[in-house]
2 protein chains.
Amino acid sequence: MKLTIGIDVGGTNIVCGAIGPDGQVLRKLKRPTLSAEGEAAVIARMAAMVAEIQAQLDADAGTGGAWQIAAIGVGIPGLVDIERGISVLASNLKWKQVPLAQRLGQLTGYPVFIDNDVRMYVYGEAKAGAARGYSDVLGITIGTGIAAAIVQEGRLFYGFKGMAGELGHVRVPGLDTACGCGLTGCLETVASASGMAREARKALQAGRASVLRSRFATDEQLSKLSSADLSQAMDEGDELAAEIITRAGTLCGDALAAAVSLVSPQAIIVGGGGALAGERFMKPLREALFSQIIPVYREHLQVLLAEHNDDAGIIGSGLYARDRQAQL
Amino acid sequence: MKLTIGIDVGGTNIVCGAIGPDGQVLRKLKRPTLSAEGEAAVIARMAAMVAEIQAQLDADAGTGGAWQIAAIGVGIPGLVDIERGISVLASNLKWKQVPLAQRLGQLTGYPVFIDNDVRMYVYGEAKAGAARGYSDVLGITIGTGIAAAIVQEGRLFYGFKGMAGELGHVRVPGLDTACGCGLTGCLETVASASGMAREARKALQAGRASVLRSRFATDEQLSKLSSADLSQAMDEGDELAAEIITRAGTLCGDALAAAVSLVSPQAIIVGGGGALAGERFMKPLREALFSQIIPVYREHLQVLLAEHNDDAGIIGSGLYARDRQAQL
């Protein structure tokens, strides 16, 4: 039977998996990206991971499982030229105009299809995750930043030059935090996982009372405070943590309400590290969202947590390679 | 040569035109809709208008123009089931589950394709109007309400059940005007053509100084105040009119900024009656929009006034029928 390889390239790790035709993760490997070694080394590492998975599959074949790799899909951050298979700009890898599909294809001998990592994540959840069975899906990832992707009638939506999905840079009225993009008041400055942690740090430094004070007393400790620490503090009844997570959820709900009115998804998927806050984050998000959309949307709209938070990227990349190849 | 018929059905008038393969309006008729007579009478009127246009084309044929009608496209307000050709809900016509494509097809003998009127308007502008040559277009119409449509890689975007495009119901922070949809603070309550006129009436009734006071002194006069009167007053230096139009443009720019971040159009088209305010409305719109989008969008995004304000609906419907038929 045929399978595909799904690869998710992040600033920290490369994850590579063998993905079955229904999105099953049959094998999985994780290696550090080490992007400082340069693009050739990173691409060689990706090829080595594919070879390793292939060897494992070949070993399995002895026991009856005859899998055959049909294609490789890669999700990569930043701007991607999907037609030419080029990573146009991936800031956290320091890549610019890297012909990734061609090079990885030469090293592995398989056809390679590449796309943006958030689109691959949402594609995975839409095809074989929390939104399976829904044709019109809007996915949002709450991580270092906030990004979105749209699956419309089962197909990915790109926008001009593939630049759709910058939901993290929607402006929050009244917010004046500077964003790395050059604008001020962008949603992701306070509502991403990193944004929530930054808000907590600011409040603690300003002397705000919280159970987090004693745990993150030194500057070094404080720099390690994450959105997961906020979830824990919220469960202990900490007001500051509850306030930050609730506000982030509410602001994401506000932004999603406008998005729903424009693109009318049947299901919204919320994923990424920040989504690990679960209902702490989802409850205010749903409240803000449902109070701001017209009744016809309320009747059908599903707002769901991602199902394969860790694996959605490789599942999506694998299924994307399968579907791109089927179109050839 | 082949042409198509484009029909735009509104609450007041039916416009019917013969549309050439490049979107030329070869013939055009306008008749009152008279929806109170019931759906059968309205559909019969549409068929009669097609017959009248056909007779005119036949007469032209004597002088060498041998046009042949290939199909009919109809743009109709509200929810449309485009696959089954049914007008699911058109409130201002009081239509519900009307099998328009089938009935008009039987009366005329031509294949009929129907879709939502705003999508047809934007399709016309995208294919043969201000946005011709752009593949990714977001169109917004400023009329009784505010609505939007998206053309992505040359094709219309629908969302679940065809309900994408309700940009008029995006919430404006701090605004508490009740909207007909049941929500409060919807964009269209103050930024649509009707909304601008309503804001002017409220201000005049509250005793606000304006050149409009003497012109719209009685209740009856006041009820006829339109957004066109505001444009004229603004040109005369009227502060109230300038304030209302500028605010409407700014709020539309705010909403469009969020829309751009989500769907990344290459061009935005602004049409409908409210767009007749032209640069009075477009300048604040562009300022608000461009100040809130990340630089990568600013580099290419075109924000344009609709070119065929009156005819965009029939052009779009005609070209839509052409394109739907080509897919059969």
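**Close-up views of a two-chain model**

**View 1. Helix 5 of chain B, residues 193-205.** In this predicted model, the helix has 13 residues and runs 19 Å from its first C-alpha to its last, close to the 18 Å expected at 1.5 Å a residue. Which of its residues are buried? They are A193(B), G195(B), M196(B), A197(B), E199(B), A200(B), A203(B) and L204(B). After the helix comes G207(B), with a positive phi near 95 degrees.

**View 2. Chain B laid on chain A.** Turn chain B by 180 degrees, with a shift of 0.0 Å along the axis, and it lands on chain A with an RMSD of 0.0 Å. That's the relation of a two-fold axis. The copies meet through the same surface, because 100% of the interface residues of chain B are also interface residues in chain A.

**View 3. The largest nonpolar core, with 117 residues.** Among the residues with the most contacts inside the core are L262(A), F281(A) and F281(B). Helix 9 (residues 239-263) of chain A gives the largest share, 15 residues. Zoom in on F281(B) and you'll find that it touches M196(B), C252(B) and V270(B), among others.

View 4. F157(A) counts as buried because its relative accessibility is 4%.

How values were computed: Residues are numbered from 1 along each chain as its sequence is written. Chains are lettered from A and ligands numbered from 1 in the order in which they are written. This is a predicted model: local features need pLDDT of at least 70, side-chain atom pairs count only at pLDDT 80 or more; totals for chains, interfaces and linings use all residues. Side-chain values use heavy atoms; hydrogens and water are left out. Helices (H or I, at least four residues) and strands (E, at least two) are DSSP runs, numbered from the N terminus. The expected span of a helix is 1.5 Å times one less than its number of residues. Buried means under 20% relative accessible area, exposed over 50%, partly exposed in between (1.4 Å probe, protein chains only). Copies are superposed by least squares on the C-alpha atoms of residues with pLDDT of at least 70 in both. Contact means heavy atoms within 4.5 Å. A nonpolar core is a set of buried Ala, Val, Leu, Ile, Met, Phe, Trp, Tyr and Cys residues joined through side-chain atoms within 4.5 Å. Lists of a residue's contacts leave out its neighbours within four places in sequence.
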